[in-house]
Amino acid sequence: MNKFVLKSEYEPAGDQPEAIEALVKGLKKGMPKQTLLGVTGSGKTFTVANVIERVQKPTLIIAHNKTLAAQLAQEYREVFPDNAVHYFVSYYDYYQPEAYLPTSDTYIEKDAQINEEIDRLRHATTQALLTRPDVIIVASVSCIYGIGSPEEYKESHLLLKQGDTYDRRSLMQKLVAIFYERTNADLTPGTFRATGNTVEIMPISERVIYELTLLGGVVSNIAIVDATSRALIEGSVKEFFLFPAKHFITTKAEQDRAVKSIRKELTDRLKVLEKEGKILEAERLKRRTNYDLAMIKEVGYCNGIENYSRHLSGHAPGEPPNTLLSYFPHKPDGTPDFLTVIDESHVTLPQIGGMYGGDQSRKKTLIEHGFRLPSAADNRPLRAEEFWKRVGQTLFVSATPSQYERDESAQIVEQIIRPTGLIDPIVEIKPIVEKGAYKGQIKDFIAEAEVVIKKGDRVIATTLTKRMAEDLSIYLKERGVASEYLHSDVKTIDRIKILTEFRRGTFDCIVGVNLLREGLDLPEVSLIGILDADKEGFLRSETSLIQIIGRAARNSAGRVILYADTLTGSIERALRETNRRREIQTAHNKAHGITPQTIKKKIHDITEHLDSEHDKAVRANLALDREIFKGDKRKLVRLKEKQMTQAVKELDFETAAILRDEIKVLKGG
């Protein structure tokens, strides 16, 4: 049985040993909820990792955005290299939910760009939960949305073994039944290819190819092949599991039952609409639902199938959907048997509590106007009370826990002393207007930033609006400060890459709104400028100010400037808490003869595990070839084109695809 084994060159230090001990005791005593109040840079993640190793339970860690989730997943992978650490977030790069605006009679069709790599990681998550105990899942709040029944998902898997009786046709039928698609081109996760007596399959959760050889109606051999290089990884394996390529899956019997149930609901709903005189709405609903039913009967799937999830799962009206939480282990009596960690709980908990209301408001309008059956409302996120019934013992983790965490926790464990001896940064307040004249916070910030950048450190400026962030970034570039902006309109993967390049020193300043507040680990930052700090509100509340100040707490030279003409209540409270922590930290350092040291942390590109092997191969090959050809790009392109033509002739489509993309990169610069 696999166990969690933490591997790190560091030992718990500062307040960490006491915090670990207190939290583990609390869990063993059966405390349902606890709070780890850990200041920024005190190693809260390392503390939680030690707790996980001590309690040996599968763990769900919920973060409030994809960027933070990716960073946490990377950190847990580093300390649990031999265990299953997975990343589960929404697989949409762009998502416009289906909606109807009655005032303008505008129907907005669902528009989504699915990130296939993240979809693969979601499947890897569910498969790990169903097959091993040593699992840590780092998820966004998307984990409270419906994804299909774990029982059906598990029961529908294929166990393919050497010696199994399959002819080519029957094997392909089995694959299609669990939503694998046949292709004659490049294999991607969730596809298969049949050539002669060989069937090649790329599982939905992996980047390798299983090559099955069929002789005389029997699987004579199963080999594992690298998807990019076609190199043989393992010449002969006895068996392997193949899980369905989609989470919403049903058996033929369940599908027939669901179709009957949907038809009955449609009949009942049409009667209601016709009785209300809604002829247009009735006709609209009838056409759409009958089309979806035809698709489900023909191929077992339709666009928007999640709207029929209640019928497919057999749940009663109003019953909560299956979510990622359903895939975690439970005791025989049905109680959850896993640990839940709510990271940056003061932000994540309101998200968990607020998802249901917004979803239901949109669905209600669609149902009233005949775009969806009433059962579509059961394809929804969990309510807060349903969420708490589906998780077990919980740790809230935050530098600024809200009153909810304080009230609900059986104990609050403080982690104020950092292992590095770092103390909270010095906070200065500078006026925007001085002696009746506009001094200019931007001008002052640039002057301060230039001094810090010359020393090799990085700086952050926080603004109140996206537009201001963009404009300030442009202005800084014009003044010779290499900068980039970050806000919610920047794509998830781009955000992560920007932060990685920032740490590497590609540019020196990031300008952001509120994306820079929680959880981001940037030890190179020694100066933060909080613009318009006295504009009281969400972005300049006590909690927000403490979180922003914390971004400079990983550097021994950390300093924060609040640009404000008025000392607001939020500023006063934030300064009071910062000074309290500084006093505790300074006293500890003095008593133990500790000199604060800036955190030294390896710079990882946390998008690396999201890159496909194909992309990695393109980059690696080009780096080598450019060195060989010494900058003669034309000659290199001609060679690549010749190799691509030859690969196509040999039906080596993977190599041809890599060469094609290498040529694109070369021609593009």
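The following legends describe close-up views of a predicted model.

Residues are numbered from 1 along each chain as its sequence is written, and side-chain values use heavy atoms, without hydrogens and water.

**View 1. The largest nonpolar core comprises 36 residues.** A nonpolar core is a set of buried Ala, Val, Leu, Ile, Met, Phe, Trp, Tyr and Cys residues joined through side-chain atoms within 4.5 Å; buried denotes under 20% relative accessible area, exposed over 50%, and partly exposed the range in between (1.4 Å probe, protein chains only). The members that touch the most others are Val-51, Ile-52, Tyr-76, Phe-80, Ile-136 and Val-138. Among the elements that each supply at least two residues are helices H1 (16–28), H2 (44–55), H3 (66–79) and H4 (116–131), together with strands E3 (84–88) and E8 (135–139). Helices (H or I, at least four residues) and strands (E, at least two) are DSSP runs numbered from the N terminus. Helix H3 makes the greatest contribution to this core, with seven residues. A second, separate core of 28 residues includes Val-141, Ile-147, Ile-342 and Ile-352.

View 2. Contact is defined as heavy atoms within 4.5 Å. Thr-125 belongs to helix H4 and is buried, at 0% relative accessibility.

**View 3. A six-stranded open parallel sheet.** The strand order is E20-E27-E26-E23-E25-E24, where two strands pair if DSSP finds at least two bridges between them. Strands E20 (426–430) and E24 (483–486) stand at the edges with a single partner strand each, so one side of each has no neighbour in the sheet. From one strand to the next, the twist averages 20°; axes are lines fitted to C-alpha atoms, for helices over the stretch in contact, and angles run from 0 to 180 degrees between N-to-C directions. Four bridges join E23 (residues 458–462) and E25 (residues 509–512) in the parallel sense, and Ile-460 has Ile-510 of E25 as its bridge partner.

**View 4. Helices H14 and H17 against the sheet.** Helix H14 (residues 466–478) packs on the sheet and touches E23, E24 and E25. The direction of H14 makes about 175° with that of E24. Helix H17 (residues 569–592) lies across E20 and strand E27 (559–563), at about 155° to E20.

**View 5. The aromatic cluster of Phe-387, Trp-388, Phe-396 and Tyr-404.** Rings of Phe, Tyr and Trp (its six-membered ring) pair if their centres lie within 6.5 Å; planes under 30 degrees apart count as stacked, over 60 as edge-to-face and the rest as tilted. The whole structure contains 10 aromatic pairs. Trp-388 and Tyr-404 are stacked, with ring centres 6.5 Å apart and planes at 25°. Trp-388 lies in helix H11 (residues 384–389) and Tyr-404 in helix H12 (residues 403–408), so the pair ties together parts 16 residues apart in sequence. Trp-388 is partly exposed, with a relative accessible area of 21%, and Tyr-404 is partly exposed at 33%.

Key:
This is a predicted model: local features need pLDDT of at least 70, side-chain atom pairs count only at pLDDT 80 or more; totals for chains, interfaces and linings use all residues.
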